[in-house]
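Reader: Could you walk me through how the chains meet each other and how they meet the DNA? I have the model open and would like to follow along.

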There are 2 protein chains.
Amino acid sequence: METRRTKQQQSIREVLAEAGRPMSVQEVFDAALTSVPTIGLSTVYRTIRRLAEQGEIAAVAVPGQPDRYELADVAATHHHHFHCTECDRVFDVRGCVGGLDRMLPPGFKLRGHELTLSGVCGGCAAR
Amino acid sequence: METRRTKQQQSIREVLAEAGRPMSVQEVFDAALTSVPTIGLSTVYRTIRRLAEQGEIAAVAVPGQPDRYELADVAATHHHHFHCTECDRVFDVRGCVGGLDRMLPPGFKLRGHELTLSGVCGGCAAR
DNA sequence: CCGCACAATGACAAGGATTCTCAATAACGG
DNA sequence: CCGTTATTGAGAATCCTTGTCATTGTGCGG
């Protein structure tokens with residue numbers, strides 16, 4: 001089961017890398033179309049799922065909307081997210097919080113956490 | 001446009017109130033069936049959506065899974081969530097974090113935040 | 001440089017979740 | 001008790017995601 005390098009996967013990674021923010025599958029698909037006009041939506045779903053399973057990208061959930069994804073090396077640089085309720089885009093924000101394990105009941109084991117701030121982004125607030 | 005009191009809506013609220021944790025639509029439906037055996041899935045979706053729009057319940061997102069919902073008065077008592085990666089249930093946890101607005105870029109306006117811890121719950125850890 | 005094996009693709013079918021549609025039901029004011 | 005009409009339940013329709021499969025094209029060995 002070797003792994004082969006294709007322009008489709010290359011494109012998807014580039015899109016995610018250049019975006020600098022978590023993107024939905026549809027967003028990735030639209031962006032990838034400009035560099036690989038024949039790419040199929042299935043391929044984007046497949047590739048993103050595989051990257052997620054391999055831990056190369058991380059999923060970000062927003063209530064009522066499809067998941068977004070971002071590169072794991074970004075995710076590894078511990079940070080969190082900001083969801084603009086106006087334009088529905090998601091941004092990365094730096095910084096974190098501590099003492100989380102103290103919030104848990106006895107017997108619970110903490111493995112990770114995800115903080116999503118919400119409000120209005122700079123662009124939307126300006127208008 | 002008056003609002004009428006029905007046993008279906010009553011049941012859905014009771015289920016959410018008694019659960020004490022965020023539930024998916026399917027979970028609410030299953031639980032509501034015991035008190036109102038004829039209730040339809042459509043009604044549960046409709047009612048939950050309306051309650052969410054009215055701000056009576058709040059949505060909780062988990063990557064790759066349908067949203068969960070909990071009563072707003074619970075949500076108002078500021079708290080957060082713990083997602084067990086073993087049994088996939090979501091629990092409420094007390095406590096919070098501060099200084100979040102300092103994490104935002106200039107021009108961004110913070111209106112709310114959602115913290116989701118993940119790991120293994122007490123029950124699953126015991127086994 | 002060529003050809004083969006098979007991983008990856010793209011188009012479409014299939015599946016699951018959620019919303020929509022509409023005739024039938026049942027609150028609630030009169 | 002009656003009529004109005006909000007609400008319901010069943011199923012169709014829609015959206016998002018995964019599965020299927022013939023075709024394509026990568027990477028290796030010759």
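Author: Happy to! A polar contact here is a pair of N or O atoms within 3.5 Å; within protein, one must be able to donate a hydrogen and the other to accept it, and residues adjacent in sequence count only if both atoms are side-chain atoms. This is a predicted model, in which local features need pLDDT of at least 70, side-chain atom pairs count only at pLDDT 80 or more, and totals for chains, interfaces and linings use all residues. Residues are numbered from 1 along each chain as its sequence is written, chains are lettered from A and ligands numbered from 1 in the order in which they are written, and side-chain values use heavy atoms, with hydrogens and water left out.

Reader: Thanks! How far is a phosphate oxygen of DNA strand C from an N or O atom in the side chain of Thr6(A)?

Author: Chain A also approaches this DNA strand through its backbone: a polar backbone atom of Gly40(A) is 2.9 Å from a phosphate oxygen. From chain B, the side chain of Tyr45(B) has an N or O atom 2.4 Å from a phosphate oxygen of DNA strand C. For the side chain of Thr6(A), the distance is 3.0 Å.

Reader: Which elements give two or more residues to the surface near DNA strand C?

Author: Near means that a heavy atom of the residue lies within 4 Å. Helices (H or I, at least four residues) and strands (E, at least two) are DSSP runs, numbered from the N terminus. Chain B contributes helix 3, and chain A contributes helix 1 (7-19) and helix 3.

Reader: How do the residues of that surface near DNA strand C divide?

Author: In this grouping, Ala, Val, Leu, Ile, Met, Phe, Trp, Tyr, Cys and Pro are nonpolar, Asp, Glu, Lys and Arg are charged, and the others, Gly among them, are polar. DNA strand C is surrounded by 22 residues. They divide into 4 nonpolar, 9 polar and 9 charged.

Reader: On to DNA strand D: which residues come nearest, and what share of its atoms within 4 Å of the protein is sugar and phosphate?

Author: Of the 21 residues around DNA strand D, the nearest are Arg4(A), Arg5(A), Tyr45(A), Thr43(B) and Arg46(B). Sugar and phosphate make up 64% of the DNA strand D atoms that come within 4 Å of the protein.

Reader: Which residue has a side-chain N or O atom 2.8 Å from a base oxygen of DNA strand D?

Author: Let's sort the contacts by the part of the DNA they reach. Arg49(A) has a polar side-chain atom 3.3 Å from a phosphate oxygen of DNA strand D, and Gln8(B) has one 3.0 Å from a sugar or linking oxygen. At the base oxygen, the residue is Arg4(B).

Reader: Now the protein interface: how many salt bridges does the rule find between chain B and chain A?

Author: The two chains bury about 2700 Å² between them, 67% of it on carbon and sulfur atoms; buried area is the accessible area (1.4 Å probe) that two parts lose on being put together, summed over both. The rule does find 10 residue pairs in polar contact across this interface, both at pLDDT 80 or more. A salt bridge would need a side-chain nitrogen of Lys or Arg within 4 Å of a carboxyl oxygen of Asp or Glu, and the number found is 0.

Reader: In strand 6 of chain B, what is the bridge partner of Ser118(A)?

Author: Strand 6 (residues 109-120) of chain A and strand 6 of chain B run antiparallel, joined by 11 bridges; strands pair if DSSP finds at least two bridges between them. The partner of Ser118(A) is Gly112(B).
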